[in-house]
Amino acid sequence: MRPVDSPTRRRLAGAVRGALAPLVASAVALGGLTAWTATGGAGSPARLRVTDGRVWLPYAGNEFTVAFFRVRNAGGADDRLVSVTSPVTGRAMLSRTVRRGATESMAMVDTAAVPARSGLTMSAGGLKAMVKVSTPLRLGEELPFVLRFRDSGRVTATARVVRLGD
């Protein structure tokens with residue numbers, strides 16, 4: 001004797017089949033998000049490292065010079081460089097070289113992006129820290145600097161005094 005195929009049983013089977021697809025999709029999505037989070041893809045803060053600091057030796061009696069750094073961000077979140085200071089030189093101003101036609105000039109910059117899993121490389125033709133020198137600098141001397149970031153706070157670094165263009 002075969003079981004009776006009642007309308008209730010058919011409705012129940014249809015409801016189960018209808019709910020199965022969203023349930024499976026949700027489980028797959030949850031599994032993917034769990035794996036992404038476990039591997040550091042979500043919620044990973046910026047992890048900054050400042051290296052390769054250089055300060056150009058001022059020339060011709062100039063009281064201003066520039067400093068450059070390489071900032072690496074191994075974290076999963078972007079950050080922003082908001083200021084540079086040094087106990088030796090005082091506050092430095094972030095600036096960028098701007099080209100207008102055939103001329104170049106410096107424009108002050110409030111902040112600079114430090115992208116996640118990438119970084120920021122300061123250069124003579126790009127972003128730099130313009131510093132006022134209060135005491136004579138010596139070639140090879142290492143100067144302390146503090147770079148302040150929006151989310152990561154203060155990061156200390158040193159910059160070696162080099163000749164213009166090094």
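Q: What am I looking at, and how are residues numbered?
A: A predicted model, where local features need pLDDT of at least 70, side-chain atom pairs count only at pLDDT 80 or more, and totals for chains, interfaces and linings use all residues. Residues are numbered from 1 along each chain as its sequence is written, and side-chain values use heavy atoms, with hydrogens and water left out.

Q: How many helices and strands does the chain have?
A: There is 1 helix and there are 10 strands. Helices (H or I, at least four residues) and strands (E, at least two) are DSSP runs, numbered from the N terminus.

Q: In what order do they run?
A: From the N terminus on, α-β-β-β-β-β-β-β-β-β-β.

Q: How much of the chain is buried?
A: Of its 166 residues, 33% count as buried. Buried means under 20% relative accessible area, exposed over 50%, partly exposed in between (1.4 Å probe, protein chains only).

Q: What about the largest nonpolar core, how many residues has it?
A: It has 33 residues. A nonpolar core is a set of buried Ala, Val, Leu, Ile, Met, Phe, Trp, Tyr and Cys residues joined through side-chain atoms within 4.5 Å. Phe-69 and Phe-149 are among those with the most contacts inside this core.

Q: What does Phe-149 touch?
A: Not counting residues up to four places away in sequence, its partners include Leu-48, Val-71, Leu-81 and Val-155. Contact means heavy atoms within 4.5 Å.

Q: New topic: where is Asn-62?
A: In the loop between S1 and S2.

Q: How exposed is Asn-62?
A: Asn-62 is partly exposed, at a relative accessible area of 39%.
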